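My entries follow in the order in which I looked things up.

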Amino acid sequence: MAEAPYILETLLLSGFRAYLEPKTFDFGTKRCLAVFAPNGSGKSSIVDALEFMFSADGTLDRLGVRAVDNQAGVVALAHNLAAEKKIPSLVAVRFKRGDKKLDGSRDAVGPLRPRPAVADAVTACFLVPPIIRGHTLRGFVEAQKAEKRYEEVARWLQLGPLVDVQRNLRALRQHTKATCMDRGALKGIDTRLAKQTANTIMAWDDAAVLAYANTIVAQVDNALSLKSLDRIDPALVTLRDRASVEDKQLGLEGLRQLRQTAAMVCEQKQGAVGGGIVTTGVIPEFELAKEAQSVAMEAEAAERHKAASAAFAELWTVAEPLFAGGAPTPINCPICATPIVDSVAGSAEGVRRHIAGHLAQVADYARAKKALDDATTTINKIHARLVAVLRALRPLLTDLYADLRAALDTYLGAVESWKGGALPDAAALKASLHQLTSKLDASIAEIQTKQGDKAYGNVVTKLEHLIELREERELSVRTLAELEKLSTALNGQAAFISGEIRKRVQSLLDTLRSPINDIYRQIQGTDARPIKLELPHEEDTTQQRLNLVVDFATNRKGVQPGGYLSDSQIHSLALALRLAAIRQFNTAAPMIVLDDIVTSYDANHRRAIAALLASNFTDFQLIVTTHDERFFHYLKDQLGETDWHFTRIIRLDADFGPRFVDHRVTDAMIEARWHAGESAANEMRQAEEEWLLQLCRDFGVNVRIRPVEKAYSYERSELAAAVEQYLRDQGLTAPLVPGVNNRFLTSLQRGAIENFGSHFQESPHGDGSKGDEQARWKEFKFFRGYFVCPKCGKTRFKHPFGMKRAVCANEGCEAQFEFTAPADPTS
Amino acid sequence: MREYMETTETAAAFLAALGKALTVRQGEDADLAEIVCQHILTAAPAASCVQQALEAITALAEQRASPPIAHADG
């Protein structure tokens with residue numbers, strides 16, 4: 001058994017669009033609503049609220065999400081005064097589904113604005129968008145492309161997944177074809193080939209590449225030649241074997257390192273001058289240092305003997321100034337008091353010469369000693385360096401150099417244990433090193449001669465690179481060929497899939513054709529030409545299009561409607577499409593929202609649309625807004641009062657929101673404001689206005705016919721004047737309120753009253769406090785209490801034609817109106 | 001409501017049946033049909049389903065273009 005449909009029970013707008021103060025639309029007793037209002041009064045905000053509630057992104061189509069591209073952004077959802085007045089900006093709904101009541105609220109501010117669960121559920125039932133705005137109707141028929149229209153209708157038919165399949169399949173075919181045509185990989189291979197052949201070959205050519213490969217082979221062996229650029233070609237196998245042998249030899253770098261280290265130890269080479277043999281390296285340096293040290297030692301020994309009496313050097317140094325030239329000559333020896341003339345020197349001059357001779361001997365010795373010390377330091381440094389170099393050479397000597405390694409070990413051991421005596425014998429090592437460096441020089445020269453293209457390893461590597469390129473290229477060519485086959489196969493499969501989907505879509509389209517034309521004829525008349533929804537011909541590969549065509553005349557069959565139909569016919573066609581689809585597919589949430597849909601129609605067509613709604617959509621919940629008063633009256637004439645609530649917006653107050661003609665502020669609402677600690681001044685003002693307007697209607701007062709630009713509402717002063725005039729004509733005067741001198745009706749006419757809460761005061765304005773509001777409200781209610789039937793206590797009156805005075809509207813009473821003092825002024 | 005439920009079910013079921021018909025269709029490339037069914041012919045395709053299908057088709061072409069691997073040990 002099918003579940004009951006979703007029916008909207010209440011819709012609340014608070015701080016949303018034109019609605020500042022909360023406004024609830026109650027669909028509990030009458031599930032359909034028609035709102036008439038002039039432009040700019042807030043009627044479309046009702047439709048906006050529903051669009052917002054059901055939207056995925058929490059916005060309206062015309063607002064978008066961001067304030068760009070002339071869209072106002074989501075900021076425009078909230079009433080501009082809502083934040084300032086601390087009124088929450090939101091839309092709330094209550095849906096009924098069978099016995100269940102489902103509530104949901106959606107904030108109109110903030111970054112998230114999540115959709116409530118009930119709106120999710122209801123939106124899922126809208127296979128066709130239920131909101132139809134008059135200004136968008138033409139688009140479906142005229143502006144929309146066949147592809148877009150196909151998508152939209154297919155989604156109405158619940159064929160969204162099929163549309164996605166067709167779109168994805170089309171994209172896959174295009175991408176696959178593009179991949180087949182892509183020669184990027186082959187071009188890349190050509191680029192690498194040009195680089196490898198030093199731009200000898202710019203594009204792949206088997207013969208040219210083979211010829212180039214053989215030029216490389218010829219550089220190492222003229223006798224070899226490749227038959228094909230293949231890994232198993234005999235010539236390549238031979239080259240690979242030779243390269244393998246080459247790899248096992250010590251590399252050039254290793255040879256260079258060994259030679260360099262051996263030369264650091266000792267090397268004999270041709271001298272630059274005279275052509276003699278020169279020996280360099282640390283061993284000759286060590287030997288030279290030893291010779292220098294020996295010479296220094298001999299010199300030091302000799303000088304040390306001459307300066308044997310050097311122990312007196314200090315004495316001579318002290319005595320020298322005593323006997324210096326120009327100084328007073330001492331007569332006696334300053335130490336032993338022997339007269340100078342009696343000494344061995346015999347005179348002061350003799351003493352001076354004696355001192356100078358000894359000081360010179362001491363200086364020679366000091367120089368010899370320093371030379372010896374320097375020579376010793378030098379040889380020690382060279383010794384350390386020699387040990388280090390010998391140790392560095394040791395690990396470089398492989399088994400190929402076993403003899404040299406043995407000689408090195410012997411010499412190294414002797415050097416390490418050397419304490420400054422005779423030098424270890426280096427002759428054998430030096431001879432071996434000389435042989436080594438000569439041999440290494442020959443090997444290095446040979447390898448260097450074979451460097452570049454002539455080395456087997458390099459040649460094999462180059463050939464293998466060329467073979468890799470060939471293999472890669474062949475793989476790319478084969479892959480493209482396979483892709484081509486797959487692309488062809490994919491086209492075949494896509495055609496099969498598309499054909500099956502086409503049959504499916506067309507069969508469902510056919511179910512829509514009849515109801516669309518029924519509705520279309522109902523609006524446009526029975527002689528209206530039928531509309532057809534057609535897919536492209538079967539052989540057309542672009543199936544995802546939907547043509548909307550009309551047989552306009554016998555010689556104009558299957559033509560686009562835009563070129564032949566009138567403005568109203570196009571509107572009717574679009575409306576018929578949408579309504580038929582909604583009628584057929586939105587049964588789980590049978591709601592239709594129509595916002596100003598009759599702008600293109602004349603009176604007959606408007607009446608026809610009203611009749612259409614009355615006859616075809618009685619089981620739907622309709623919400624209609626219009627600024628067309630005639631259409632509003634047609635609706636009232638044709639739609640049942642049982643299900644429909646008809647109302648008007650009389651004006652838009654910037655600090656309140658739209659004012660409805662049937663809106664009533666109750667006493668309880670005012671009390672609730674005070675209870676919440678809020679001012680009720682606006683509510684009091686509205687309640688008093690509403691009461692005054694109702695009184696005018698009941699009494700049937702005479703009012704001035706309004707100017708055309710102010711046709712929708714009456715000012716308070718006009719109403720107050722009319723009531724007072726009416727009462728005066730009846731010979732009645734409204735009594736004063738006890739304790740207050742001002743008359744309510746008179747105050748209003750003077751226009752001195754801005755705030756209804758202060759109209760009984762001496763001062764034209766109250767102090768605005770809650771207590772002041774309550775006092776004023778009590779006074780007003782007392783005044784209102786005078787307008788009560790003296791007989792039955794009812795508050796509604798009527799003034800039937802021909803009667804002198806108004807009577808109670810209660811049919812069982814009909815007592816004549818007259819003022820009676822209220823029994824309970826607060827009642 | 002009944003119509004809605006039926007059409008919803010039918011869209012997914014229709015695609016499933018269509019996929020089955022495609023794979024067993026005489027003369028069709030079965031590997032390709034499998035790729036199309038897996039990535040495209042589904043009621044809930046991935047956002048990158050076209051790219052995934054293209055990669056699968058390219059991989060299939062490469063696989064078919066590659067020479068068979070010779071095993072030395074037989």
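I began with β13(A), which is joined by 4 bridges to strand β14 (residues 657-660) of chain A, the two running antiparallel. Strands (E, at least two residues) and helices (H or I, at least four) are DSSP runs, numbered from the N terminus. Two strands pair if DSSP finds at least two bridges between them. I noted that this is a predicted model, in which local features need pLDDT of at least 70, side-chain atom pairs count only at pLDDT 80 or more, and totals for chains, interfaces and linings use all residues. Residues are numbered from 1 along each chain as its sequence is written, while chains are lettered from A and ligands numbered from 1 in the order in which they are written.

Which residue is the bridge partner of Ile649(A) in β14(A)? I found Phe660(A) there. A hairpin of 3 residues leads from β13(A) to β14(A).

I then looked for another partner of β13(A) (residues 644-653) and found strand β3 (residues 32-36) of chain A, joined to β13(A) by 5 bridges and running parallel. Here Trp644(A) in β13(A) has Cys32(A) opposite.

**The open sheet**

I traced an open sheet of 4 strands in chain A, in the order β2-β1-β4-β5, with antiparallel pairing. β2 (23-26) and β5 (100-107) of chain A have a single partner strand each and stand at the edges, so one side of each is without a neighbour in the sheet. From one strand to the next the twist averages 15°. Axes are lines fitted to C-alpha atoms, for helices over the stretch in contact, and angles run from 0 to 180 degrees between N-to-C directions.

Between β2(A) and strand β1 (residues 6-14) of chain A I found 4 bridges, and the two run antiparallel. Asp26(A) in β2(A) is opposite Thr10(A).

Helix α1 (residues 44-54) of chain A packs on this sheet and touches β1, β2, β4 (90-97) and β5 of chain A, its direction making about 75° with that of β4(A). Helix α2 (residues 117-125) of chain A also packs on the sheet, touching β1, β4 and β5 of chain A, and its direction makes about 105° with that of β5(A). Contact here means C-beta atoms, placed from the backbone, within 7 Å.

Is α1(A) mostly covered or uncovered? It is mostly covered, with 11 of its 11 residues buried. The buried residues include Asp48(A), Glu51(A) and Phe52(A). A residue is buried if 20 or more other C-beta atoms lie within 10 Å of its own, exposed if 12 or fewer, and partly exposed in between, with C-beta atoms placed from the backbone.

**Pro22(A)**

I looked up Pro22(A) in the loop between β1 and β2 of chain A. Pro22(A) is partly exposed because 15 other C-beta atoms lie within 10 Å. Not counting residues up to four places away in sequence, Pro22(A) touches Leu12(A) and Ser14(A). The C-alpha atoms of Pro22(A) and Leu90(A) are separated by 9.2 Å, though the two residues are 68 apart along the chain.

**Helices α9 and α12**

Helix α9 (residues 252-265) and helix α12 (residues 348-393), both of chain A, have axes that come within 9 Å and cross at roughly 150°. α9(A) and α12(A) are therefore roughly antiparallel (over 145 degrees). Among the residues that meet are Met264(A) in α9(A) and Leu390(A) in α12(A). By class, this contact has 7 nonpolar, 1 polar and no charged residues. Ala, Val, Leu, Ile, Met, Phe, Trp, Tyr, Cys and Pro count as nonpolar, Asp, Glu, Lys and Arg as charged, and the others, Gly among them, as polar.

**Where chain B touches chain A**

I counted 34 residues of chain B in contact with 36 residues of chain A. On the chain B side, α1 (2-23), α2 and α3 (49-65) each supply at least two residues. That side has 23 nonpolar, 4 polar and 7 charged residues.

Helix α15 (residues 456-524) of chain A packs against helix α2 (residues 30-39) of chain B at an angle of about 60°, with the axes 10 Å apart.

**Chain A overall**

Last, I noted that chain A has 23 helices and 16 strands. Of its 827 residues, 32% count as buried.

Key:
Angles under 35 degrees count as roughly parallel, over 145 as roughly antiparallel, 65 to 115 as roughly perpendicular and the rest as oblique. Two residues are in contact if their C-beta atoms, placed from the backbone, lie within 7 Å.
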